[in-house]
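User: I am new to reading protein models. Could you take me through this one with some questions and answers?

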Amino acid sequence: MILINLLPHREAARKRKREAFFASLVVAGLFGGLIAGGVFVWYQAQISNQQDKNMVLETEIKKLEGQIKEISTLQQEIAALRARQQAVEDLQADRNMPVHLLNELVGQLPDGVYISSVKQSDQVVSITGVAQSNERVSELLRNLANNSPYLTKPELIEIVAGNVSLGPRDNRRVANFNVRVRLLRSSEVQKAAAAASAPAPAAAKG
């Protein structure tokens with residue numbers, strides 16, 4: 001007995017293929033969505049983690065900036081205290097400067113030189129006087145430059161020839177001079193002495 005299939009088997013096959021295709025599309029879409037969702041979640045987690053790190057860094061940076069400001073303020077306070085301390089030390093040293101000045105002038109004044117006035121402005125001393133000759137003034141400058149630890153950098157401002165009457169018939173030529181010299185503080189003298197006594201660096205061996 002011969003059986004004949006009267007159903008449209010070709011259309012049924014095409015229908016099955018379409019259904020399988022659409023099913024595979026749905027599965028692929030779901031799979032792709034899962035992958036995209038996982039990637040999105042992973043990136044969100046990374047972004048959130050980085051934001052947390054940034055917040056921690058910003059907090060630490062603010063702390064460091066505050067500490068830097070405190071250090072800067074402390075440094076300014078230390079500098080101000082040092083300046084005050086130096087001012088006090090300078091005032092104490094300046095109390096002895098006139099004594100050192102008079103002692104040095106007495107010790108360094110050569111014969112034939114007479115001082116008529118001494119004026120001090122801070123550490124600059126102006127000396128006016130009379131000398132028997134220009135050579136005596138030169139000797140005074142040499143003594144101030146080389147023999148005095150408290151007096152330095154003597155400078156001849158003016159020297160003018162003049163006459164001095166010692167009697168009715170005794171007139172002598174003299175040199176009226178004006179000298180400027182710098183008076184050192186005790187701290188400066190000590191520093192200069194320490195530098196002079198420091199051993200010289202050894203010469204490099206060839």
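The questions below cover a surface patch, a ring pair, a pocket and salt bridges.

User: What kind of model is this?
Analyst: Keep the origin of the coordinates in mind as you read. This is a model of one kind: predicted.

User: Which residues form the nonpolar patch on the surface, and what is their accessible area together?
Analyst: Six names belong here: F31, I35, V39, W42, Y43 and I47. They form a nonpolar patch on the surface. Their accessible area together is about 630 Å².

User: Where is the place of I47, and which residues does that element span?
Analyst: I47 belongs to the nonpolar patch. Its place is in a helix that covers residues 9-108. That helix is α1.

User: Is I47 buried or exposed, or partly exposed?
Analyst: Buried needs under 20% relative accessible area, and exposed needs over 50%. I47 has a relative accessible area of 42%. I47 is therefore partly exposed.

User: How many aromatic pairs does the structure hold?
Analyst: Pairs of rings are counted over the structure. The number of aromatic pairs is two.

User: Are the rings of W42 and Y43 stacked, tilted or edge-to-face?
Analyst: Two values describe such a pair: the distance of the centres and the angle of the planes. For W42 and Y43, the centres are 5.1 Å apart and the planes stand at 70 degrees. An angle over 60 degrees counts as edge-to-face. So the pair W42 and Y43 is edge-to-face.

User: What do W42 and Y43 count as, by relative accessibility?
Analyst: W42 has 48% relative accessibility. Y43 has 48% relative accessibility too. W42 counts as partly exposed, and Y43 counts as partly exposed.

User: How much space lies in the largest pocket, and which residues line it?
Analyst: The space in the largest pocket is about 170 Å³. Its lining consists of G112, Y114, V130, A131, Q132, V164, L166, R172, R173 and V174.

User: Which element gives the most to the lining of the largest pocket?
Analyst: Elements that give two or more residues to this lining are β2 (124-131), β3 (151-167) and β4 (170-183). The top contribution is three residues. It comes from β4.

User: How many salt bridges does a search of the whole structure find?
Analyst: One of the pairs is E60 with K63. Another is D122 with R185, and E139 also pairs with R136. The search finds three.

User: Why are E60 and K63 separated by about one helical turn?
Analyst: The closest N and O atoms of this salt bridge are 3.9 Å apart. E60 is partly exposed at 39%, and K63 is partly exposed at 47%. Both residues sit in helix α1, so the separation of about one helical turn comes from being three residues apart.

User: Which salt bridge links distant parts of the chain, and how many residues apart are its partners?
Analyst: The side chains of D122 and R185 meet at 3.8 Å, N to O. D122 is in the loop between β1 (113-121) and β2, while R185 is in the loop between β4 and α3 (186-197). The pair D122 and R185 is 63 residues apart.

User: In which helix do E139 and R136 both lie?
Analyst: Their side chains meet in a salt bridge of 3.8 Å, N to O. E139 is partly exposed at 29%, and R136 is partly exposed at 28%. They are three residues apart, about one turn, in the helix of residues 134-146: α2.

Terms used. Residues numbered from 1 in each chain as written. Predicted model: local features only at pLDDT ≥ 70, side-chain atom pairs only at ≥ 80, totals over all residues. Heavy atoms only, no water. Patch = residues over 30% accessible without salt bridge, like charges linked within 9 Å, V, L, I, M, F, W, Y side chains within 5 Å. Areas by Shrake-Rupley, 256 points an atom, 1.4 Å probe, with all protein chains shown as cover. Salt bridge = Lys/Arg side-chain N within 4 Å of Asp/Glu carboxyl O. Helix = DSSP H or I, 4+ residues; strand = E, 2+ residues; numbered from the N terminus. Buried < 20%, exposed > 50% of the residue type's maximum accessible area, 1.4 Å probe, protein only. Phe/Tyr/Trp six-rings, centres within 6.5 Å; stacked < 30°, edge-to-face > 60°. 1 Å grid on protein atoms, 1.4 Å probe; cavity = no way out; pocket = protein on both sides within 12 Å on 5 of 7 lines; lining within 4 Å. Points joined across faces, edges and corners; volume = space filled by probe spheres on them.
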